[in-house]
Amino acid sequence: MAESDFYTKDGTVDHKGNPANIKKTGTWKACPFIIGNECCERLAYYGMSSNLVRYFKHRLNQHASVATRNNQNWSGTCYITPLIGAFLADAYLGRYWTIALFSIIYVFGMTLLAMSATVHGIKPRCYTEDNCDPTVTQSAVFFVALYLVALGTGGIKPCVSSYGADQFDDTDETEKKHKSSFFNWFYFSINIGALIASSVLVWVQDNVSWGWGFGIPAIAMAIAVVFFFSGTRLYRNQKPGGSPLTRLCQVVVASFRKCRVAIPADKSLLYETTDAESNIKGSRKVEHTEDLRAAVETESDEKKGTVNSWRLCTVTQVEELKAVIRLLPIWATGIIFAAVYSQMSNLFVLQGERMNTHVGNSTFKIPPASLSIFDTLSVIFWVPIYDRIIVPVTRKFTGHKNGLTQLQRMGIGLFISIFAMVVAAILELERLREVRRHNYYEVKEMPMTIFWQVPQYFLIGCAEVFTLIGQLEFFYEQAPDAMRSFCSALQLTTIALGNYLSSLLVTIVTAITTRNDKLGWIPDNLNYGHIHYFFLLLAVLSVLNLGAFLLIAKWYTYKKAVGTLR
């Protein structure tokens, strides 16, 4: 049997660096371990983050606006740190060892977090449920643990989805078709973990203790690590291709040096290696597009004994930079969506606090943060419908193998997210009318049931299935082979910037609306507030963002690697 028949054609290896046996590794054989790891990790993450804004407010004794801002800043950091993990994965460690390293940091951070809510001396002293007096040291320990978790989750987050997709060979028609389905079920597993977190763990935090509420996620993260290492022998691993930042800088410098050099009409004259693979480890050659000045060979290049990469770059290397540049406008349109998405763990929770949290006429109370369970149920409902019904039906009309293109899928999600904000604003208007009509201003929970929030959560879940899963697949597929972790991290930074944008908007809105001793849009007692204005502000920004996305998507050119199937 020929070597090309025995091993994957894109040069993947096992965790020790030996060529991976294509018959014994990868595909759906390896994916259960990756999906199981992600499910447990997301259970841990959402288990400690879903209710975090209430811990800030009631245990660390922070005002509503400060708690919201700290929660969004931390959430944003969780989606900025993926740039660190992505760089190490693509340049030096590979995805397997990056996930392994940062998982250990993650477990350590989760353990310290549980201790900060349990161990006497470092947990805040509370006199009543809402009357706590944390010391500076106690708050510091909590924030150190919190940002260790941010580093851990950020290190593995850009690698796990890409690592799962690596298990499918782009040159094999059957495997390539399964890859698109993998992203759907990968996101499905995320929401199984989130379902348990937003129901069981949030209830534990509100009704048992914060120690158990943070301790169970720590245990879940340890189980996630065990899941991951259990599949080690089945994984396919791509070799790290060296520093992507260096390669990108080389193209910029070479292009600047050759800014006056004419590009030949015959593209075969452009510089590229003669081997079947590119000169970048773990990367296939990419078909050329226009404007490849850095790949034009000149007499001065030929006089040198060896090629100076700061003067002459291969076509594939130039296409790496161009692929990243093409992604940036699409990337930017994800920021507003992320700001909308972030409201589920912030203003939606604070809005729910002021509503009737009893289930029917019983004494059982549902924690406000647990309403995010309906976002999760929405995702669990829509993923199989999309994968098994929408894709086959739309495929008949569009002829596209995935039914909808990735950009079409993302655009539909952006459109749905507008309605989520409008529905949230309408609910708040109705709630405030009831407050004024019956003078419920000082009532902790007004009679309106919290389950009126279900539609806004359900709409965001539907938007997730289209936009966020579309982004996962889009940024993986359109990324250069040796920069897939980096581009996955780039996609995650939209969530970070969305959180930071929301935090900035809260700061600006609070500063403007509290002038002349007014309470503003987001006071501690939302019965005196106007958060519906904030939701409508996000709806207007989402409309403008959708318009920008449609213009950008119209002119986007998809990447095509040499030897892959369209």
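Is Cys126 buried, partly exposed or exposed, and what is its relative accessible area? In this predicted model, Cys126 has a relative accessible area of 31%. Buried means under 20% and exposed means over 50%, so Cys126 falls in between and is partly exposed.

**Disulfide**

The partner of Cys126 is Cys132, and the two residues form a disulfide with their sulfur atoms 1.9 Å apart. The angle about the S-S bond is 100°, which gives the link of Cys126 and Cys132 a right-handed sense. A search of the whole structure finds one disulfide. Cys132 has a relative accessibility of 2% and therefore counts as buried, whereas Cys126 is partly exposed.

**Cysteine accessibility**

| Residue | Relative accessible area | Class |
|---|---|---|
| Cys126 | 31% | partly exposed |
| Cys132 | 2% | buried |
| Cys159 | 0% | buried |
| Cys249 | 41% | partly exposed |

Cys159, at 0%, is under the 20% limit and so is buried. Cys249, at 41%, lies between the limits of 20% and 50% and is therefore partly exposed.

**Nonpolar surface patch**

A nonpolar patch on the surface is formed by Trp203, Val208, Trp212, Val359 and Phe364. Together these residues have about 490 Å² of accessible area. One of them, Trp212, lies in helix H8, which covers residues 210-230. Trp212 has a relative accessibility of 54%; because this is over 50%, Trp212 counts as exposed.

Note on methods
Residues numbered from 1 in each chain as written. Predicted model: local features only at pLDDT ≥ 70, side-chain atom pairs only at ≥ 80, totals over all residues. Heavy atoms only, no water. Patch = residues over 30% accessible without salt bridge, like charges linked within 9 Å, V, L, I, M, F, W, Y side chains within 5 Å. Areas by Shrake-Rupley, 256 points an atom, 1.4 Å probe, with all protein chains shown as cover. Salt bridge = Lys/Arg side-chain N within 4 Å of Asp/Glu carboxyl O. Helix = DSSP H or I, 4+ residues; strand = E, 2+ residues; numbered from the N terminus. Buried < 20%, exposed > 50% of the residue type's maximum accessible area, 1.4 Å probe, protein only. Disulfide = S-S within 2.5 Å.
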